[in-house]
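Please keep the sequence and the model in view while working through the points.

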Amino acid sequence: MDGPAPGMRHAGTDGVGSGGAGSGGAGSGGTRPEAAAPGPGQPAASPPAAIPGGVQPDDALLVLSGVGRRFPGGTRALSDIDLTVRRGEFLSLLGPSGCGKSTLLRLLAGLDRPSEGTLRRDAALAAGGMGFVFQEPTLMPWATALGNVRLPLRLAGIGRREGEARAAAALEAVGLGGFQRALPRELSGGMRMRVSIARALVTRPALLLMDEPFAALDEITRHRLNDDLLALWSETGVTVVFVTHSVFESVFLSTRILVMAAHPGRIVAELRPPPPPRPPGFRTSPGYAAHCAEAMAALERAMALPRMVLSRAAPPA
Amino acid sequence: MKDGTADARPDGTALAARLAAQAAPVAVGLLVLLLWEGLVRALAVPPWILPGPVAIGTALVADWPLLGPSLLVTLRIALLSLLISAAAGAGLALLFAQSRWLERALFPYAVVLQVTPVVAIAPLILIWTDDVTASLLICATIVAFFPILANTATGLRSADRNLEDLFRLYGATRRQSLLLLRVPAALPWFLAGLRVAGGLALIGAVVAEFVAGAGGAGSGLAFRILEASFQLRIPRMFAALALISASGIAIFAALGLLQRLLLRRWHESELRRER
């Protein structure tokens, strides 16, 4: 095939380096202003240098080095993950099912622990500093939309009055202002997902983790939610890590895409689509199509990679 | 409410269908009673072998001064033991939820208590307890509490895994996840257990009273049945039996209503199909 994993990663970075040209725009995503130099964590001039790990320390929310996860049964879900999540970026993990992207997300959330390697977490990610959106809306069926959104605040010991005000504001932000008293059953799938996003944002987290949140929704609803998610991202400046198996979704949303391969789950390529915002008509633009084709090719290469028996394959040719 | 597909049928048909559904069991009951009375008369079955519904109804009215107070005694024991069962079953389940160890250690004994026939333990309980009412309560509670315990314990363990993760992510305390997540998630399970326990409490009360055989003014329906059978007053026996059945149905229906009131807004079991 194309060669071992490390080679792939460079190839991928080079391939979409052109996307870095507009990297100044990433600043509009709400990155911290104090980050030095042109584009935060994204040296526009020399794309190949943008290897994970090569960033200023204060720019990183999460730093994983050599992280692996082996399940009790012996399955290696993840192997040798080097990954830095930078403040303000919209990072997608793109891969086929079974490539460990959800496992990786759970590691980032602290819901699971790596069996190898180290995971460093910024202090901003203490309780309430992270929001999580699951594949399912995962709402409490007995509680109203307002009650569901207020939950993280309630768990943090914030009083009813303030909690309800903030929850109402969060519902308003996702376009569900009139549905405070509705129970999850009374809402459509897309609206439930909006409640779930409002709940994840109500603590004003530094990091929003999303696990294929729109996979179960129809395309029209998904497009609207994608637009709205990008709007929320640029308004709040929250950092997003977004798991998906949709090439189109990842290109549309992200400032950076990590392509993953399975058996074991590993990162094999990095892509940089032009950073948002997405003007109207972007979905049908040739540029978008070109980036999608690029991402599709990277994904296909990842899926064609042979299963790795050892943690590192043979040396490059 | 938003999509009209479900209510596409005209309202009149829907109402008629619902009425028919409610009338069906009543019609079957009436038919059986009619057939019963007819056969008893046609074959001239003597009332001490099988009285007809009319004779039973007559006995029920005539013996009401005797049967009415007994009904109250039996109902009181059944309902009290149901209350105790609910408290004990739910309480024990909450305790189990605190520690897997405790659950492992104690659950087998709850099962032992459940599978031992109450008829076999009742005499012992009667010996150990001075007060008859108290011993009847203990017997009925032993029979009734297990489904509540087993159901509630399962319910407390069956909260959505992702929601549990969410609680963990936000650093919820044990107490918070118990009160805000596991208890509400267990409520439908508890109520289903309660509904089963309602019937069992009545059965427990009647069986225990049979074993106790306590007579006198404060005796319940079971004793009235025993007494009537000794005196060969078979219609009265049947009248007492009918009262027990009616009580059972009433308890079941009341608990069903409670379930509906508590769950109707959110739980699948009580939701009408909308889409």
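Predicted model: local features only at pLDDT ≥ 70, side-chain atom pairs only at ≥ 80, totals over all residues.

1. In chain A, six strands make up an open sheet, and their order across it is 5-6-7-3-8-9. The pairing within this sheet is mixed. At the edges stand strand 5 (130-133) and strand 9 (266-271) of chain A, each of which pairs on one side only. From one strand to the next, the twist averages 20°. Strands of a sheet pair through backbone hydrogen bonds, and the pairing may be parallel or antiparallel.

2. One pair of strands in detail. In which sense do strand 5 and strand 6 of chain A pair? They pair in the parallel sense, over four bridges, with strand 6 of chain A covering residues 207-211. As a point of reference for the eye, G131(A) stands opposite L208(A), which belongs to strand 6 of chain A.

3. A helix on the sheet. Helix 8 of chain A, residues 286-304, packs on the sheet. This helix touches strand 3 (90-94), strand 8 (256-261) and strand 9 of chain A. The direction of helix 8 of chain A makes about 25° with that of strand 8 of chain A.

4. Over all chains, a search of the whole structure finds 21 salt bridges. Side chains of opposite charge can pair when their charged atoms come close. One of these salt bridges joins the side chains of R87(A) and D122(A), at 3.1 Å from N to O. R87(A) lies in the loop between strand 2 (76-86) and strand 3 of chain A, while D122(A) lies in the loop between strand 4 (116-121) and strand 5 of chain A, so the pair ties together parts that are 35 residues apart in sequence. Are these two residues buried or exposed? R87(A) has a relative accessible area of 14% and is therefore buried, since the cut-off is under 20%. D122(A), at 23% relative accessibility, counts as partly exposed.

5. A salt bridge within a helix of chain A. R160(A) and E164(A) form a salt bridge whose closest N and O atoms are 3.4 Å apart. Both residues belong to helix 4 of chain A (residues 160-173), where four residues, about one turn of the helix, separate them. R160(A) is exposed, with a relative accessible area of 56%, whereas E164(A) is partly exposed at 24%.

6. A salt bridge within a helix of chain B. The side chains of D165(B) and R168(B) also meet in a salt bridge, at 3.4 Å from N to O. They are three residues apart in helix 7 of chain B (residues 161-169), so about one helical turn separates them. D165(B) is buried, with a relative accessible area of 10%, and R168(B) is partly exposed, with 48%. Elsewhere, salt bridges that share partners join E89(A), R256(A), E270(A) and R272(A) into one network.

7. The contact between the chains. How many residues does each chain bring to the contact? Chain B contributes 22 residues and chain A contributes 25 residues. The area buried between the two chains is about 2,300 Å², and carbon and sulfur atoms give 64% of that area. L169(B), Y170(B) and W266(B) supply 31% of the area that chain B buries against chain A, more than any other three residues. Two salt bridges are counted between chain B and chain A. D165(B), already described in point 6, also meets R106(A) in a salt bridge, at 2.7 Å from N to O.

8. A loop residue of chain A. S115(A) is located in the loop between helix 2 (101-109) and strand 4 of chain A. At 41% relative accessibility, S115(A) is partly exposed. Leaving aside residues up to four places away in sequence, S115(A) touches G68(A), R69(A) and R70(A). The C-alpha atoms of S115(A) and R76(A) are separated by 9.9 Å, although these residues are 39 residues apart along the chain.

9. An unreviewed UniProt entry lists several stretches of chain B as "transmembrane region", including residues 48-67 and 134-156. In the model, residues 48-67 of chain B are 70% helix and 0% strand, with the end C-alpha atoms 19 Å apart. Residues 134-156 of chain B are 100% helix and 0% strand, and their end C-alpha atoms are 31 Å apart.

Terms used: Residues numbered from 1 in each chain as written. Chains lettered and ligands numbered in written order. Heavy atoms only, no water. UniProt positions renumbered as here; feature names shortened; annotations may be inferred. Helix = DSSP H or I, 4+ residues; strand = E, 2+ residues; numbered from the N terminus. Pairing = 2+ DSSP bridges. Axes fitted to C-alpha atoms, helices over the stretch in contact; angles between N-to-C directions. Contact = heavy atoms within 4.5 Å. Salt bridge = Lys/Arg side-chain N within 4 Å of Asp/Glu carboxyl O. Buried < 20%, exposed > 50% of the residue type's maximum accessible area, 1.4 Å probe, protein only. Buried area = accessible area lost by both parts, 1.4 Å probe.
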